[in-house]
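Q: I would like to learn how to read packed helices and aromatic rings in a structure. Could we work through an example together, one feature after another?

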Amino acid sequence: MKQRIAILSLGLALAACSTADNAANLSAYYAATQGLNQGALKTALYEIIKNPRVVGYDNLWQYFPQTDRKADGTVWDMYSNNTYYFPDDGTSTATGMDKEHAFPKSWWTSDFKADHFDCYSDLFNLNPADAAANQQIKSALPMAEIDINVTADNGVIRKGTSTLHGAYPTSQPHTAWEPADEYKGDFARTYMYVVTCYEFISYASNSNGPAWSSTLGATQQITWNSKETYPLLTDWTAAMLLEWHHNDPVSDKELKRNEVIYGIQGNRNPFIDCPAFADYIWGDKKDEPFDIALITGKAFFSMPQNGETYAFKGDSINRQQNLKMQFRANNVSKPIAINIVGNTKGEFTLSKTTLTAAEATNGAILTLGYTSSVPARDTVQLQLVSDELDAPVVITLTAEAFDTFRVLDPDVTENTLTLRWTASADADRYAISVFQPRDTGEMAWLNILDEEFVWQNLPDTWSYSVNSKGTRVGVEINQQNYVKLASGSYDGFVQTPALHVGDTVIVSTRAAQYNNNSTANVSLTIAANDANIATHAITSDFQTFIDTIITTQPTLAFRFTAKKGKQVWLDAVRIDTHTGIESQVLIRDEFPATTTDTHYTVSDLVTDEHYWYTIQPQGGTYETIYGPFEVVITPTAVKRLPAGNIIWSVGQDVLHLEQLPTHADITLYDLAGHTLFTVRKNTNYALDIPLTTSGIFILQIAGRKPTKILKMP
């Protein structure tokens, strides 16, 4: 444990990634890494440093004098204590030395020398090496710390068997080599560079197959994960390399070599420029987002991040709610003040209002509290303030306190329904309505679908063209704000779910040619239940097409198709229909009924009939209408239907929705068909729609029948 704590301390010391002289250039070079971690961060680095301008394996001795010459003119050899000199001609091999791959070349395919696998002559992976040490000790063995059975040792590197880090079970010992302590960090950063710059080595292929050797032996397989681009290193390898990386920090030798190779190859070793990259990819910070401020040296918070929202779970009024938040900062040396700002800040509490620099750096967990004596939905800001921050870190906190009122499951004796609920906080009576939907002959224009594809995906209920194996073809659904229909080889279509329609339907479609090309005879065909209703010529400019359908079918599914080689951008689809509206008809004159009790019995109901009911606390501060809840009467019991149905309630100035499906398209209309509110909800949380006037409204949730909403004066 002591050893692990020491490693973590050293890891935190790695926060400063660069000097003031090159911070600006490096932050621009690594700009694409902002906010990433783990495999995404590793791949972002790959995109930055891939495809180096390698000089060729046969030309390496021409460049080693630039990369590996000591101040006294001798060769810098990390494999022995022997002294070597570069030949005067500047191109010949130093006598007694090899060109050695830190990451063994025999672990690659026979096509390792091909341009696709530039690591064969990548200067970051090659150094001059004492030939005897290379051939007799290192060879193509994996790296590890040797703790038993040392079979060779020249004072700098040694060979033997390792049981550390869980690398080699003692029942199955394997031979490895170990570099000197002063070079362990150098080799660790080289290996990290290789599995990043060539992250597809495990399965990248050209005409000759994957980069890994097909004869990869058990020793190498223990070291390397041969199936993925991340983590690519096995757990024990990553742990060992991170330890070496921390305990042997970047040296002046590596810094200078990095700059020289950058001038030659045009790429850099990220783990030399910013050692913290390793911790955010494989280490103890891999669950935190990387911040460029680690390179610039500015103070910043990695947890929480500016602009995030944290929500309390929610509970009844007068009950303490707690929320634990983790705080961690980098490059700070002064205390950080924690403030709560907002009209209802008094409802919130903090376990600490100041973090010391040490607490912020090492990571601290604070407890936030929330209590409200009345039903409320409160939003405040949590601000982290310090002179060292460019600007305060602002976090949004949301909390909700419910009324003590709860609707309970109803009871029944034969054909008799007893509604039950808990007492509201300060209500003096409760209003109950029991009703059934009835077609009263009222008609209205309703929007039943309004899709703009802004989520870079199709809604879950849509379908698309597939081949005989069920694989999607002719449709690209990852384009920003558009869906691409057709390809060079396949027709492509997308299709809505079956929609409930009235006697008349209007389909509005917006489309243009893919990539503004000028392909002739590009068209979009629109069909309803597989019957074509229109074919429109598509130009390079976006156009909106409007088609009207008269139908007797109760449901229609609409398909939008483009032919192969005639690709089309589909930008938006809107479908409106003229249909009858069901109204809520009270089952008898006693409703709405009012009671001061917390129960109400309804008699003489019909077996197997469906009924709906609402309950509203009155006379208090919270007069939300709860429901409608659907029940079905059976000969033996009354069951409230499963909560898969959307629940809505009307408050004083709001329409409250619960149990919304993911990616629900929600629109509220007045009876004239005017849109009052529209949104796509991307979670299944509750939603509040402002509703300040009384009247009758139509609530439309895509893929469901419209619901009539009544708001009383």
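Q: Which residues do ring pairs link into a cluster?
A: In this model, which is predicted, Tyr29, Tyr30, Tyr262, Phe277, Tyr280 and Phe290 are linked into a cluster by ring pairs.

Q: How many aromatic pairs does a search of the whole structure find, and what describes a pair of aromatic rings?
A: A pair of aromatic rings is described by two values, the distance of the centres and the angle of the planes. Searching the whole structure gives 26 aromatic pairs. One of them joins Trp421 and Tyr430, whose ring centres are 5.6 Å apart and whose planes stand at 55°, so this pair is tilted. Trp421 and Tyr430 are both buried. Phe453 and Trp462 form an edge-to-face pair, with 5.5 Å from centre to centre and 80° between the planes, and these two residues, Phe453 and Trp462, are buried as well.

Q: At what angle do the axes of helix 6 and helix 8 cross?
A: Two packed helices are described by the angle between their axes and by the distance between the axes. Here the axes of helix 6 (residues 181–197) and helix 8 (residues 235–247) come within 7 Å and cross at roughly 130°, which means that helix 6 is oblique to helix 8. The crossing in which helix 6 passes helix 8 is left-handed.

Q: Which residues of helix 6 and helix 8 meet?
A: From helix 6, Lys184, Gly185, Ala188, Arg189, Tyr191 and Met192 meet Leu241, Leu242, Trp244 and His245 of helix 8. The residues of this contact between helix 6 and helix 8 divide into six nonpolar, two polar and two charged.

Definitions and conventions:
Residues are numbered from 1 along each chain as its sequence is written. This is a predicted model: local features need pLDDT of at least 70, side-chain atom pairs count only at pLDDT 80 or more; totals for chains, interfaces and linings use all residues. Side-chain values use heavy atoms; hydrogens and water are left out. Axes are lines fitted to C-alpha atoms, for helices over the stretch in contact, and angles run from 0 to 180 degrees between N-to-C directions. Helices (H or I, at least four residues) and strands (E, at least two) are DSSP runs, numbered from the N terminus. Angles under 35 degrees count as roughly parallel, over 145 as roughly antiparallel, 65 to 115 as roughly perpendicular and the rest as oblique. A crossing is left-handed if the near helix is turned anticlockwise from the far one by less than a right angle, and right-handed if clockwise. Contact means heavy atoms within 4.5 Å. Ala, Val, Leu, Ile, Met, Phe, Trp, Tyr, Cys and Pro count as nonpolar, Asp, Glu, Lys and Arg as charged, and the others, Gly among them, as polar. Rings of Phe, Tyr and Trp (its six-membered ring) pair if their centres lie within 6.5 Å; planes under 30 degrees apart count as stacked, over 60 as edge-to-face and the rest as tilted. Buried means under 20% relative accessible area, exposed over 50%, partly exposed in between (1.4 Å probe, protein chains only).
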